[in-house]
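Have the sequence and the coordinates open side by side.

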Amino acid sequence: MPKSGERSVIIGGDAGTVVTGDGNTVITAGKKVPSHLRDPARWPVAGAWGALAAGAHRARPDAANDAVPPYIPRDIDIELRRRLAAAGRDGGMVLVLGDSTAGKTRAAHAALQAELPEHRVFAPPVGTDLPAAVQVIERTGTACVVWLDDVQRYFGPGGLDPTLLAEGERLRLPILATMRTSQYEIYTRADEHPPAMDRTARPTVDLGARVLNLVQPIEVARVWSEEELERARQSQDARIVEATVHHGSYGIAEYLAAGPALLAEWRRAWRPGGHPRGAALVAAAVDLARTGLRSPYRTTVLTELHSHYLNEQGGPRLRPEPLEQALEWASRLRYGAASPLIPAEAADGGGHGGAGDRAEGVWEVFDYLTEHTAGPVPEVVWNTALAGAADDDERVTIGFYAYRNGVADVAETALRPAAAAGTRYAANNLGILLSDAGRIEEAEELLRSAVEAGDRQATNTLGTVLCQAGRWEEAETVLRSAADAGHPTAACNLAILLRNAGRTEEAEALYAAAADAGDTDAAFSLGDLLHRAGRWEEAETALRSAADAGHKTAAAALGALLHETGRTEEAEALLRPLAESGDEAALNNLGNVLNDIGRTAEAEQFYRSAADAGNTYAAVNLGALLGRTGRVEEAEAALRPLTEAGDTAAASSLGLLLWDVGRADEAEPLLRTAVDAGILHAASNLGALLHETGRENEAMAVWRPAAEAGQPGAAHNLGTALWRAGRLKEAEPFLRAAAESGHSEAANSLGLLCVQSGRIAKAERVWRAAAEAGDIAATTNLGKLLTDTGRAEEAEPLLRTAADMGAPEAANNLGVLLHGAGRLDEAESALRAAADGNHLAAHNNLGILLRQTGRTEEAETCFRTAADAGHIDAAHNLGNLLTDTGRAEEAEAVLRTAADAGHVPASYNLGRLLQEAGSTKQARLYLRTAADAGHTDATYRLGNLLDQAGRTKKAEELYRAAVTGGHPEAARTLADLLRRTGRAREAGELERKVSRAGRSAARGVFGRL
């Protein structure tokens, strides 16, 4: 699965708050708690507090002019209310997440009224000094709940930060917050931010992220489930019932708030004869909101900007309506619920864009329209936003939004004057911007000045910039100073630096300390480090703690760990909800789980979803899956664009694919590219390709560095090549290293090497360790070894275990063992199971058993099945059966096939068959072949043929060889030949020796001749 990346982040936040990168935030002004907020008795009681006051969107009024329909229970209510009740008892924050108009505020409000109806509601304006307000709550002892709608507006010192969260828990103060999903992703998605160090672990990027990392959100789906729709259909409210019929692809709350209708009306308004000027005014307000400029916006500002949009769409050709009519259209309440522009009052009397009197209109924009608008913000809007910024803090916020939108020049323009004025974190943000642009010297100079001015955040950023420049020792010194001063992200960045330098114990200690302090990113990074070190249980604990706190990347990584440790069902159960929510890492990891258990069609779907979302790991996995399932053209089409874009993992997979389909010349350079990029398994594959094409020395040269770096496949391949070359001492360490890494083939090869070198006990230890780890082949080999060494009782349960796991080889060996023990029924059952698995030796062995028990026809079928598939022993046995049943012609053809393939007994039996048929010349050829291979019966029979042909000298040589080989008739026949050739004395001496010592003595005597 992909590693997440360490990030430094441009400071920024939602309009009204300046959020820093990596751990610090400052609000626009340190406002104290106003007088009306100092007395909790003046705050509303939750049970009587209206939903509109809480921030819920209006719906179309009913006949009684009520704009708030009855609440329809949502699927998340039980969990939401359980957590809120717990927070009311123990303190803590409950966060409800969802799209605009998904119903998150309404669900939170309903939960509040259900669980804490007697609590006073503290709903502070943005900019309120929250710590001071919390002190008021503590002093008065009033039961209160803090309500933070659109919580990102409150992040920062003087606002909501981890310290305040901890203080709330100490006071058992519940905090109920809502947040739009798009804003949540700004703070929590690592891939939205520029890389600062490397892709090892992403620490918290700002105070907002640190707060969010401490809270597991409850997500409200925009589109209602079937169960929710059914509850809505039972409502007595006509508006809700109508929504269930007409909502289409939209959510019920979305429909009731008129979001889709207003969005569609705005988009249609551009046509000639519509309301193009009104649409342009709305577009100006929407894009101003997207720059981070705080609303409300003055009419004059919108009027100045709207001309740009009108001209873009056609200008006079659209026949735009008068301004007054355009404003009336844009602000007219639709369905009694909402309007594109919402009249507002600016606290300073003017709104953004310059001074103005109170009579001039100022406007909010319907957030649903902002949420559903994409594409670049025009340059003129950025310039207007900068000109209208109230202060340097707001310019920093606009710079952050510009940076996120890829408009670096606007971001720099926004940040430079703020940095020069000493605005907190402006220099830090500008330093990140410059370093991203490769202007390292400028960035370093700026950041060092900020550090000297006491900017702790700049110290962390300077450390990351020095890392980018490869100045590791300086970076360590800088990051350590920030970490020692209590900067949590600097501690995590320092941990990454140490980890990359191989100082994993130091890195682990830093991660562990941060994780113990509640940093979920650090817990994830700790789990990742432990996972890679093979410390599975510790890794699971760390990853689970982060996942339980809502860290999705940790949850995806935990799923991968469960998969690796064989807990497939747990892995799938954990990953599936994450994947279905669109998490890219979970989509990819679930694809891996399903792929490995053979559910390739499902795996393909998840890989495609992740790949379509931009996950290159999933795209590579998809290409590999397509290749393995024979869809080569699709696989190549998936992998080649990634390869051409420089993705070396894709190059590795494409190289393997092309090699598999015989295009080795194309595959080799791709695999070399991957090897040069440090992909170790590509070295294993490249070496195998070179080996296959006869370039053994090149193959070993490629395998050796990867093997020495710990790649199990390369170590196995190198060890095997050295073993085959007779270099056993060199081979063994590589095979051992691969085996200890869990490479089952290496464990089996190492065991065979040990057997070959006579170290039976060592082979047994190697195979037993692999067998205990669940390796079927090792279990089978161990059972065979024990059988061969006379330990059948120990061997049987091992072979039975492997056979029950579906290993035909084990079932065959078990059948042979049982056959040898005379347990024929059990043996037959085991051999049939192996034969059903298409094990050719089992067909042969079953044939032997069947013939032994008189079932000749069944035996013939078994022998023939194996023989037709090329099994030479079976061909020999079939030939013998055919001979014994009088089918000599068939027997000859079958035995000739086996003999010509080098089967010595088949050569003997064919020679005997030919001799009996009178084909003496051919018989001598096959008997000679068998005799030369040491077959004693063939040697004796060939001697008979030559003796009969009068070639007594050659016959004598063959008889003597047969005597030495222990043939029972050879000594007597040799004595007869000696008498016939006038050597009676020698014949008598031979017979006396045989009589005295028996056949074994005769064999010993002639063995010395």
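The structure holds 0 disulfides, a disulfide being a pair of cysteine sulfur atoms within 2.5 Å. This is a predicted model, where local features need pLDDT of at least 70, side-chain atom pairs count only at pLDDT 80 or more, and totals for chains, interfaces and linings use all residues. Numbering starts from 1 along each chain as its sequence is written, and side-chain values use heavy atoms, leaving out hydrogens and water.

**Cysteines**
- C754 counts as buried, at 0% relative accessibility (buried is under 20% relative accessible area, exposed over 50%, partly exposed in between, with a 1.4 Å probe and protein chains only).
- C862 is buried too, with a relative accessible area of 9%.

**Helix 37 against helix 39**
- Helix 37 (residues 712-724) and helix 39 (residues 744-756) have axes that come within 10 Å and cross at roughly 25 degrees; helices here are DSSP runs of H or I, at least four residues, numbered from the N terminus.
- That makes helix 37 and helix 39 roughly parallel to each other, the label for angles under 35 degrees.
- On the helix 37 side, H716, T720 and W723 meet E745, A746, S749, L752, L753 and Q756 of helix 39, where contact means heavy atoms within 4.5 Å.
- Sorted by type, the residues of this contact between helix 37 and helix 39 come out as 4 nonpolar, 4 polar and 1 charged (Ala, Val, Leu, Ile, Met, Phe, Trp, Tyr, Cys and Pro count as nonpolar, Asp, Glu, Lys and Arg as charged, and the others, Gly among them, as polar).

**H839**
- H839 sits in the loop between helix 44 (824-836) and helix 45 (840-852).
- H839 is buried, with a relative accessible area of 14%.
- Leaving aside residues up to four places away in sequence, H839 touches P808, E809, N812 and A834.

Conventions: Axes fitted to C-alpha atoms, helices over the stretch in contact; angles between N-to-C directions. Helix = DSSP H or I, 4+ residues; strand = E, 2+ residues; numbered from the N terminus. Parallel < 35°, antiparallel > 145°, perpendicular 65-115°, else oblique.
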